[in-house]
Each structure stands twice: as C-alpha cells, then as structure tokens.
Amino acid sequence: MTTGQVLARNRLSVWEQSGLLLSALALPAVLTWELIKSPFSDYGRAKSWKRVLFDRMLLWMVSRLNRRQARAFFGETWDIYQRTTKSLNLPPFVEELSDGTKLLWIGPKKTDRVIYYLHGGAFIFGVIESAPKLWTYVQENLEKRGKPTGVVMLNYTLVPDATFPTQLKQAVLGLQHLLDGGVRPECIQLAGDSAGGVLIHQVLSHILHPVEGLPKLTLSAPLAGAYMMSPWATMLDEKLIYTNTGHGDMLDPVAGIYWATKVLEGIPPSARPYVEANSAPEDWLDGVDKTVNRILISAGGFEILRDAIIKYSQTVQKYHPNAEFFLDEHGIHIDPFVCFYVGETNRGKLIPFIVEWLDQGFSKVYREFSVNVEMPALKYHIRAAAAFGGLEISLPEHYEHYVDNKKPEFLAKFPHGKIPAFEGADGFKVFESIAIARYVAGLAPNSGLLGGSLEAAALVDQWVHLVDTEVDTYTNFIRGLCTGVVPYNKPAHTAFLERQLRALNTLEAHLASNTYFVGERITLADIVVAGLIQKAVGVTVDAAARAKLPNLIRHLETIVNQPKLKGIFGETNYVEKGIQFVPPAKEKKEPKPAAPAAPKEKKPKKVEEDEEEEPLVPEEPKAKNPLDDLPKSTFNLEDWKRAYSNKDTRGPGGSIEWFYENFDYDGFSVWRVDFKYNEELTQTFMSSNQIGGFFNRLEASRKYLFGSVGVLGTSGDSRIAGVLIARGQNIEPVVEVAPDWESYEYKKLDVKNNAEDKAFFEAALAWDLEIDGKKWIDGKNFK
C-alpha cells in the first residue's frame, strides 16, 4: 500500500458518508446544550468554554462512528504529519525502515537525545492533529534547559490493514534503527498515548518475553525512560471501564469496547498479555527495571480509563522502583494533546510535569567520588564537561577521604584507591580526572567538546596535556615547596617558575590570534585550561606575571563566565603576589666569635646546560611503509570515507554507487574479514567492543584502510564478520600493525565480477548482512 492510498475496506459507503454528515449537522444544537449545562458540573467548572465545546464534540462523534467513519473523521498519520509540519514551518524528515514503515521526525533530526513517540488512536485511526504541537513545545523547553532533543514518530500500520504483532514489529524495528544509527539506549525515551502507551507496554514485554518470529531487541544499557499517557490498559473489562463514567471524558465506554473488538479480532489468547496490559499474568513485568531506567504513567481524573490505568500503574510500580503515577485531577483522556488542539494558554499541571520528567530522564546521573576543596580545579574538568554536554553528575551522600577510598568495596571498583573516580549509571568505572572528563565529554558528541574531527580531537588532547603537565604540575610542586610538604629548595622553586612560565607563554601566543584553543567553539581543551589557569592565578601566577598574559586571562574570564559553567567555576581568586616560602622562626642563640674566613678556591665556571638534554644515541629514522611506494591511485580513500558518512548507503546517488564509479581495482583491494574464534564470543555488546579494540589497534594504518565490521546473531550465538578496503593487493602490510591481526581470516573479494562477493560487500556496508541465519545487530566503521 502506497502512502495516501485508501484500501477498499477503508472506503466509506454512501450510507456511512450520510451518517457522518448527519452527526456533524447535529453538533450545533448538542454543543449549545452542553455549554448551557457546563457550569453545573465539576467538569464544566474546571474547563474553559473552548474545552467544553471541543470535548463534547469529540464525545458526540466518537460515540456514533464506526471504524471506517472514525478513520475518515480523525485522519491518517501521514496526512496529518504533512499538514502539521507545514503549518508549524518544520522541515519534514522521513526515514524508511527495512519493511517500508516510516519514521517521521518532528523538526530536525537530532540524535544526542531522542524521544521515540508511538501515537494513539485505538490502533484504528491516525495521530491526533495536535501531537506535533505538543512535542515541538517539549523540544523548545528542553532546548532552553541545554538539552537539544529530537522527536521521531512511528507511522505504524492501522487495524484492520494489519493486526498484532505487526505494530509491535514496526515499533521494534524503529527502535533498533535508532540504536543502529548510534543513539545510545540511555539517550532514548519512549513516549506514547492511549494505544501508543499500550505499544510501549508491548515493546517492554517483547524484551522480557520475545515474541516468536519478531526481531529480538538486545539493549547494551537500559532505555532512559518510558512515558505512557492514558494507556489503553484495559479493553474489555467492563467493570474497570464503567467505574468512572459521566464525568466529562471524550471517550464513550460503548465505543471503546467496540474498538477493542476490532483490535482483538483474531488474536490468540497467548497474545493478550501484550495487547491488553491488565490481562497479563501477575509477574509478567518482573525484570522491567532492567529494560528502562524510569517509567511515568498518567491518567485524567475525569477519564473512563482512570481506574484501569491506576491498576496497571500499580503493577508496574511493583516491579520497577522508579515508576511514577500522575493523576491529572481535572484531565480527560490524553488531556495534554486536547489542550494544545484548542490552543489553551493554561497548560495545567501535567504538561509542565511531563517536560520536567523528560528533562530529568535526559540528565543521566553519574556518580563521582570527587576531591575536597583543597584541589578544586580537578572538579572543573569533569563537572564543567558534564554541564556543557547537558549531563548530570552526583556525589555520594557520605564520603570521607583517606577512609572510604581505602575500604575493600571502593578498592574493588577503583584498585588504585585514588580520587576523583567515576562510576556511570551503566556500571562503567574509570579514575584520573582528565580521563573522566574526556569520557564525559564523549557522552555528548554534539556538544563539540572533543572537536569535530580526528585532527581536532588530537589538538584538544595536545592542549590538555600541555596545561596539565607543564602548568598544573608546577603549580602543585611550588605550592608543595612553599607550604612545607617537601623540603624547600630555592633553585628548584626558581626552575619550576621558569618551566611554568614557558608553557604559559605558549598558551598566550596561541590565544593572541585565536578565541579558543581548537576551532571556533568551546572544547574540552578550553575547559581544562581555564580550570587549571584559574587555580594557578591563585597560587603562582601573580599580578606581575598576569600583566604579560592578557590573552590567557581574557580566555579564562570568557570560559568561567559562560552561563552553563559560571556556577561550577565560581569566583576567580587572583593573588597579588605569588606564593612564597616563609622559613619557620628559629630560637635565638648567643653569637659565637667569627672564625677567619678561608680563602675561596676558584672553580671553573660550569657551562650552562640546555633545558632539555640531547639524546646520547641518535634516534633511528622511522622505517618507511612499503605501501607509500605503490603507484599513485585514482581512488581517494578519504573521499570514499566522506561519501560513506554523508550519503545513503544504498540507492541512486548512494555511497555504494559512488564506490563503483571511483574505485581503483589495481591500487586497492576489497577483503572479507571473519573472526576465527566465534565460539568464544558471549554478549553481543562485548563482541562490539572487541571490534572497536581491533580498530583502535589498526590506527597506524588509518590512511591505508577502511572497514565495516559487525556482530551478527544474538548473545551466546554470534559471530564477527565484515569487509575491509585496503591499499594495495596484499592485506598483511595493512593489518599487521594490530597485534591481534592473525585472530581474523581474510579473503579477497572480487566485487567487479563475482555476484556473491559483491552482495556480501554491499550488505556489510549497509549493515544488513546475514550469515547462516544470523542477522547484523551492531557494527563499527574504521574511517
């Protein structure tokens, strides 16, 4: 079925068209009466006249329409998406999944944080018209909080064009598409209303109880959150549906049960726990806390599903410690969407709560065993990087240095017993402040803290290393000398100041013609330099020294006064005079007669040594790589890497087409690579990490090599395979730089004349390779 095509079973008959028209013609009289009597009910007094009219209109139509009429009246998701993105002046962005299902991005595609939205509509009709408006509002508010977020909506197939488990399969494929595209699970929050809330229940159930025949969903970490607004948790239990009627909801119990019969038609009993949440066995959701970090369920106080939703939320809370329930006192079914539909300026309590809850879900909490105030600069590397990237770091409630870091439980995590030390929400642990800061910066790649290229990342490390070893080291040494931590030595003090000044002058010279250290925006280099210079100007870099460093001081003030960073850096304490050694007072003694001075023996003056000694043995020249002696090739490997990164892989104009148009079959070769010891592989995420390690060890061959290698299969039954594009016709000179290169088998592929080799090559590039029934589930590129 093509987009916009209406199947015969969904077309309205003349009788149905007439019925729809008659229902609409009766609306003026119905709405007038509802408006007259509204002041005499709790619902009417709680809602504006616009809400009364709209809610009553929906109730009138919903209670009178059959399936086809409802679909015609409410519309199709694709049509609504096109209309609303145009009216909101949003650029439409559509991605197609492997089965043809579409992901519809509401606004620009952003992948640092993603809300994966599954719309409601009883699985019978499309998304409500106001959904893009609500999600745009949420995006704007998260943006103001420093958390740019993408929202993507699944355009799943409606009933009866497809029934369970088709919608679940499409939801799983959409989520897997996001994960395969590089979005981390802890950066994805699911959101769904009504039937979409049930679809979230289906996804979580599928992770816990995989549906036979559907792709399995294996997460490397729990999802950040799942929000279910008015989930359709009960479909046919009349006791639960009729307990809260007559209060003003837009839904009618009879219509709800009618829709439920259409959705459940032909579904076997074994599928009911997925489709109707409250019919699941008591322990169905045991383990759900391992699939998602937080869950929020909301219901309207006036909606007919209120008690059914409360029952479901109580079940979820039993198995998830971070599950919350929010009762919107005067709300109806999916009240926030209705609020945006009529243009209400009073957002009520639920909408702000949703924004706050989603904001907290994207503020991934990390645990840091930090330092005390005696070493404040160390905290800036980590917390400033986290703040700039929109992440949250928490400190342990009770930590006593030199006590807690010597305990066995601390040493089991951090064997050196040193702080700062870092423990992520996913269990990852690392110590050393610069290493922690770099990792935290990498968790928010779009922040730009590590630079936008391999070269920029190297420059970031360059400046970080320089200020750490050549400035901060001497700040600490000098303070140690002057405070008696080590015996004072004047020549050492002077030498340390000179070494520090040399590095300060290097930083100053660079900033004389640059605003920041790398590129035109703040990076981790700027944060680390500012933190350590702020420390130095309070110890060694006094007024006289600062007078010669105007650009470095300007840079310091620029960084520490950034809105996101000001609260972390605090006030800068500038010393007028650098720290000095003050010898302890000596006891007064009687003077002794002075002995005659012995004549001083003249010694030959020492030749002043260079600051850095020359090596005793000349360094051997580096061996030239034989690959550099090959004839010049017409195929530019860097151009290919850019084409692969920026173009669609398959299809006209895609990167595969570009490859065949430009490839030099004499100067380069294509190789299949297979791991020799697949029987040793266990968890798929560990296999993926192994590929990353192999690629890291191939770093010296980056300019000769491209790779696309993946994990195929499932945990406990997987393999590693893929393809390499290498300079020359022999693979060994390219891969032997990696110590473990012989753990892999290499087979040259003839992608020009052999159809089987060509298909393997293209599938590995497109990440849809399948070998012996094992499907590609994760991959990495060497670029």
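This is a predicted model: local features need pLDDT of at least 70, side-chain atom pairs count only at pLDDT 80 or more; totals for chains, interfaces and linings use all residues.
**Group meeting: helices, cores and salt bridges**

Let's start with a pair you can find quickly: Glu638 and Lys641 sit three residues apart in helix α25, which covers residues 637-646, and that spacing is about one turn of the helix.

Now look at how the two partners sit. Glu638 is partly exposed, at 35% relative accessibility, whereas Lys641 is buried, with a relative accessible area of 5%.

How many salt bridges does the structure hold? The count is 30. I'll show you a few others.

Take Lys774 and Asp717: their closest N and O atoms are 3.3 Å apart, and they form a salt bridge. Asp717 has a relative accessible area of 43%, so we call it partly exposed.

Next, Arg184 with Glu186. Here the closest N and O atoms of the salt bridge are 3.4 Å apart. Is Glu186 buried or exposed? Its relative accessibility is 9%, so it counts as buried. Arg184, at 23%, is partly exposed; the cut-off for buried is under 20%.

And there's a network too: Arg145, Lys147, Glu356 and Asp359 are linked by salt bridges.

Okay, over to the nonpolar side. The largest nonpolar core has 118 residues, and Tyr116, Trp135, Trp232 and Ile295 have the most contacts inside it. Apart from that core there's another, of 50 residues, including Ala385 and Val467.

Let's zoom in on Trp135. What does Trp135 touch, leaving aside its neighbours within four places in sequence? The list is Ile106, Ile115, Tyr117, Val151, Ala191, Phe337 and Leu358.

Trp135 also turns up where two helices pack. Helix α7 (residues 131-144) meets helix α14 (residues 335-342) at an angle of about 100°, with the axes 8 Å apart. That makes α7 and α14 roughly perpendicular to each other. On the α7 side, the contact is made by Ala131, Lys133, Leu134, Trp135 and Tyr137, and on the α14 side by Pro336, Phe337 and Phe340. Sort the residues in this contact between α7 and α14 by class and you get seven nonpolar, one charged and no polar.

That's my tour, thanks!

Definitions and conventions: Residues are numbered from 1 along each chain as its sequence is written. Side-chain values use heavy atoms; hydrogens and water are left out. A nonpolar core is a set of buried Ala, Val, Leu, Ile, Met, Phe, Trp, Tyr and Cys residues joined through side-chain atoms within 4.5 Å. Buried means under 20% relative accessible area, exposed over 50%, partly exposed in between (1.4 Å probe, protein chains only). Contact means heavy atoms within 4.5 Å. Axes are lines fitted to C-alpha atoms, for helices over the stretch in contact, and angles run from 0 to 180 degrees between N-to-C directions. Helices (H or I, at least four residues) and strands (E, at least two) are DSSP runs, numbered from the N terminus. Angles under 35 degrees count as roughly parallel, over 145 as roughly antiparallel, 65 to 115 as roughly perpendicular and the rest as oblique. Ala, Val, Leu, Ile, Met, Phe, Trp, Tyr, Cys and Pro count as nonpolar, Asp, Glu, Lys and Arg as charged, and the others, Gly among them, as polar. A salt bridge is a side-chain nitrogen of Lys or Arg within 4 Å of a carboxyl oxygen of Asp or Glu.
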